[in-house]
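Please look over the sequence and the model first.

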Amino acid sequence: MRKRPPSPEAAPAAPPESAAALLRRIEWTALRRLDGLLQGGFPTLSRGAGMDLADLREYQPSDDVRHIDWNVTARLDVPHVRVFTEDREMSACLIADGSGSMDFGSSPRTKRVVQTEFVALMAQLLTRHGNRVGGLLGGSGNAGWLPARGGREQVMRLLEQLQKRRPPAADDGGLAQWLQAAGRGLRRRSTVFVVSDFISPPGWERPLARLVERHDVIAVRLVDPLEQALPDVGLLTLRDAETGEQMLVDTHDRVFRQRFARAAAAREEKLRESFAVAGADALELSTTCDLADAIARFAELRRRRARRLAAPTHAA
């Protein structure tokens, strides 16, 4: 089902911020805070996968089945996985949803603005530690693949192309098509950030699961509070951000608001289930959130899980 966001008449039309100005702002407001919180190089948010065997331990439910050591498993009659020495250098791909629904936002920031800020922050955070970043930018115009490279110039190139892209054509396959393209195009194991509201024609779940089979995939879900619950503000025009279809609703109607909230809750549950089935971690970013705080909390959760999984259970 395509979404019908409870859109205000139009997203605030703030003058576009240049890539250089955005990057400077992100560096001052978020990047330095994350550098302090993610001490020890880059590391806790995500790491590259190495090839040198470092250890063996018992299999945990979230482990990659490709790392199971079948000889040790057969000998001990307990599933064990190989643990590899981690590379310090990693390759990352930022898949940025370019659909019309990204222009929705009930605060001064739309989901597209949050998406651009996240891409700027992650690209700069990764490249300053010697990693390579590329992108798959959904949309038309200058959208498309940007091969992974390092350095500040690559960050600027990524942001400029992100800002120049236009909405995708009507016959565009949407998120499913972009995920399939990423699956075909990524040759090296990468950390993949799918930055989207995941409001897209059905069919993206399977390509996401296939991407998870080869890569460390993080679903960065962009949300707005008005997508979860409608306020009691009287008559309101709802407009489908992708088709332009409009509907006049009376938000004084308590039953309507309850139905809207139930539909939103059901969609939430389905999305969480889809991420869990695919095996992708999910980071939720609201248009009202503090970007650095949200990323730091997410990194801490991943760090705790990594410690738990790495708890020493050595093979005899």
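Q: What share of the 316 residues in the protein is buried?
A: The model is a predicted one. A residue counts as buried when its relative accessible area is under 20%. Of the 316 residues in the protein, the buried ones make up 47%.

Q: How many helices and strands does the protein have?
A: Helices and strands are taken as DSSP runs. For the protein this gives 8 helices and 10 strands.

Q: Where is Thr287 placed?
A: Strand S10 covers 281–286 and helix H8 covers 291–309.

Q: Is Thr287 buried or exposed?
A: Thr287 has 2% relative accessibility. The cut-off for buried is under 20%, so Thr287 counts as buried.

Q: Which residues is Thr287 in contact with, leaving aside its neighbours within four places in sequence?
A: A contact requires heavy atoms within 4.5 Å. With those neighbours left aside, the residues in contact with Thr287 are Phe104, Ser107, Arg109, Thr110, Lys111, Val114, Val223, Asp224 and Pro225.

Q: Is Cys289 buried or exposed?
A: Cys289 has 16% relative accessibility. Because the limit for buried is under 20%, Cys289 counts as buried.

Q: How many disulfides does the count come to?
A: A disulfide is a covalent bond between the sulfur atoms of two cysteines. The rule asks for a pair of cysteine sulfur atoms within 2.5 Å. By this rule the number of disulfides is 0.

Methods: Residues are numbered from 1 along each chain as its sequence is written. This is a predicted model: local features need pLDDT of at least 70, side-chain atom pairs count only at pLDDT 80 or more; totals for chains, interfaces and linings use all residues. Side-chain values use heavy atoms; hydrogens and water are left out. Buried means under 20% relative accessible area, exposed over 50%, partly exposed in between (1.4 Å probe, protein chains only). Helices (H or I, at least four residues) and strands (E, at least two) are DSSP runs, numbered from the N terminus.
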